[in-house]
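Open the model in your viewer and keep the sequence panel beside it. The tour moves from one selection to the next.

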Amino acid sequence: MLDYPVRIEMLSRFRSQGEQRKILELLRQGGVDIVIGTHRLISGDVVFKDLGLVVIDEEQRFGVLHKEKFKELFKLVDVLTLSATPIPRTLYLSLVGAKDMSTIETPPLNRLPVETIVCGYDERIIRDAINRELERQGQVYFLHNRVQTIDRVREKIVDLVPQARVEIGHGQMDSDELEEVMARFVAGKIDVLVCTTIIESGLDIPNANTIVIDRADRFGLADLYQLRGRVGRAEHKAYAYLLLPREMMTIGAARKRINAIKQYSSLGAGFRIAMRDLEIRGAGSILGTAQSGHIMAIGFDLYCQLLKQAVAQLKGRRFQPRLEVDLRIDFVATNEAEFAQLGPERRISAFVPANYVSDTGLRIKAYREIAETSTRDQFDRVQREWRDRFGKFPEAVDNLFLLAEIKLAAAKAGISRVEVRERKLMLTRRGEFILVDGKFPV
């Protein structure tokens with residue numbers, strides 16, 4: 001901003017009390033044009049003369065309560081939030097149109113994607129990774145997120161690679177000592193930095209191009225993506241090693257997260273990673289404080305309907321809700337995992353297969369489109385668009401549309417629940433079962 005008549009100040013706990021008081025007074029009078037700060041900016045004593053724009057960087061680091069505070073403080077103010085990996089709840093808000101979203105797809109010039117290697121904990125792999133980096137005069141982060149045992153890990157690295165200069169950096173160190181260690185690392189006087197997640201954001205050291213993450217299963221997707229982003233910040237090829245306990249190599253949500261990181265190693269993949277996170281963890285509650293979690297408690301269809309209704313009302317549009325139909329058929333699998341587990345002999349498939357629509361974001365959008373159809377015209381339009389966009393329907397998608405058609409027909413007839421259990425058809429209208437000659441239709 002050197003070319004402009006703009007005054008910029010910084011507000012955080014690292015400024016002295018006197019400096020803070022002076023800046024607060026200037027903000028009240030309008031003497032500061034841009035103020036950059038930490039959470040300190042949402043403290044009660046900060047008053048702006050005429051606030052016009054708020055930019056929130058690294059949005060995934062703030063909890064819902066902080067975000068609610070932002071909403072209260074910045075009601076009639078433009079807000080821009082920045083994140084490489086948005087939290088599922090934030091991402092879903094933009095997918096349904098409650099927020100606008102734009103994605104930056106173009107990487108900086110000459111930037112190469114980080115090669116990601118997922119493997120069981122093996123000291124030989126650690127030794128070879130460090131040696132390879134040292135041979136090309138580079139530096140290494142070794143991430144061990146336990147302060148209690150970090151000294152032991154340093155000793156182990158010294159044993160494995162005796163020629164390397166190994167130091168420790170973590171948040172519980174004295175701030176001057178930590179600053180000195182980081183300054184030596186930046187200057188290239190340390191080969192391997194054994195550290196905690198203190199390195200997660202804000203560090204830009206182009207010469208550090210290998211990161212080894214111990215116990216990668218203990219990190220979320222966004223954390224892993226941010227940590228991997230510490231390397232590959234120059235034109236050299238960078239490597240990220242995600243180490244798991246051997247018994248975890250095949251199971252669980254942790255494994256799914258790690259696979260997502262490995263799958264999306266291309267540049268600008270943060271958005272797709274956030275999408276996968278949304279799929280693994282669910283969207284959380286839009287009105288409550290959970291930032292992830294599945295909405296299966298009320299069902300995806302009803303959730304989409306309610307959300308669409310709320311968004312339409314806020315935008316001043318009319319919304320014609322259809323009667324919500326609860327459909328339960330015991331021989332139909334409505335997701336790929338259930339179908340894979342029980343097999344085609346015991347279940348009929350009715351979902352959007354990953355090999356038909358491979359992009360996670362498109363798949364979530366597709367489910368939403370079909371869940372939100374409330375008229376025959378909408379239903380036919382969605383069918384035409386899908387066929388045009390994705391090609392011939394596989395059996396699972398045909399069946400999914402068939403279920404949607406049953407729901408539409410049931411809603412038209414005023415039937416709120418359709419259940420098939422052990423070859424019996426149970427229809428409910430206004431809380432009462434519909435019987436034929438005193439029996440359930442077969």
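Predicted model: local features only at pLDDT ≥ 70, side-chain atom pairs only at ≥ 80, totals over all residues.

Select Arg423, which sits in the loop between E14 and E15; helices (H or I, at least four residues) and strands (E, at least two) are DSSP runs, numbered from the N terminus. Arg423 is not a glycine, yet its phi is positive, near 65 degrees. Its relative accessible area is 71%, so Arg423 is exposed; buried means under 20%, exposed over 50% and partly exposed in between, with a 1.4 Å probe and protein chains only.

Residues are numbered from 1 along each chain as its sequence is written, and side-chain values use heavy atoms, with hydrogens and water left out.

Next, show helix H13 (residues 376-390) together with helix H14 (residues 395-412). Their axes come within 11 Å and cross at roughly 170 degrees; the axes are lines fitted to C-alpha atoms, for helices over the stretch in contact, and angles run from 0 to 180 degrees between N-to-C directions. H13 and H14 are therefore roughly antiparallel, a term for angles over 145 degrees. Which residues meet between H13 and H14? From H13 come Arg376, Phe379, Val382, Gln383 and Trp386, and from H14 come Val397, Leu400, Phe401, Ala404, Glu405 and Leu408; contact means heavy atoms within 4.5 Å.

Move to helix H4 (residues 123-135). Its 13 residues reach 18 Å from first C-alpha to last, close to the 18 Å expected at 1.5 Å a residue; the expected span is 1.5 Å times one less than the number of residues. Colour Ile126, Ala129, Ile130, Glu133 and Leu134, which are buried in H4. Looking down the axis of H4, these buried residues lie within an arc of 130 degrees, so they line one face of the helix; the arc is that of the directions from the helix axis to the C-beta atoms. An α-helix has 3.6 residues a turn, so residues three or four places apart point the same way. On the face of H4 turned away from the buried side are the exposed residues Arg124 and Glu135.

To see what the buried residues of H4 pack against, display strand E6 (139-143), helix H5 (150-160), strand E8 (192-195), strand E9 (208-213) and strand E10 (239-244). Just after H4, Gln137 has a positive phi of about 60 degrees.

Now select helix H6 (residues 175-186). Its 12 residues should span 16 Å at 1.5 Å a residue, and its end C-alpha atoms are 16 Å apart, which agrees. Leu178, Val181, Met182 and Phe185 are the buried residues of H6. Down the axis of H6 they fall within an arc of 95 degrees, so they line one face. Asp176 and Glu179 are exposed on the face of H6 turned away from its buried side. The cover over the buried residues of H6 includes E6, strand E7 (166-169), E8 and E9. Gly188 follows H6 with a positive phi, near 85 degrees.

Finally, zoom out to the whole protein. The secondary structure comes to 14 helices and 16 strands, and buried residues make up 42% of the 442 residues.

Definitions and conventions:
Parallel < 35°, antiparallel > 145°, perpendicular 65-115°, else oblique.
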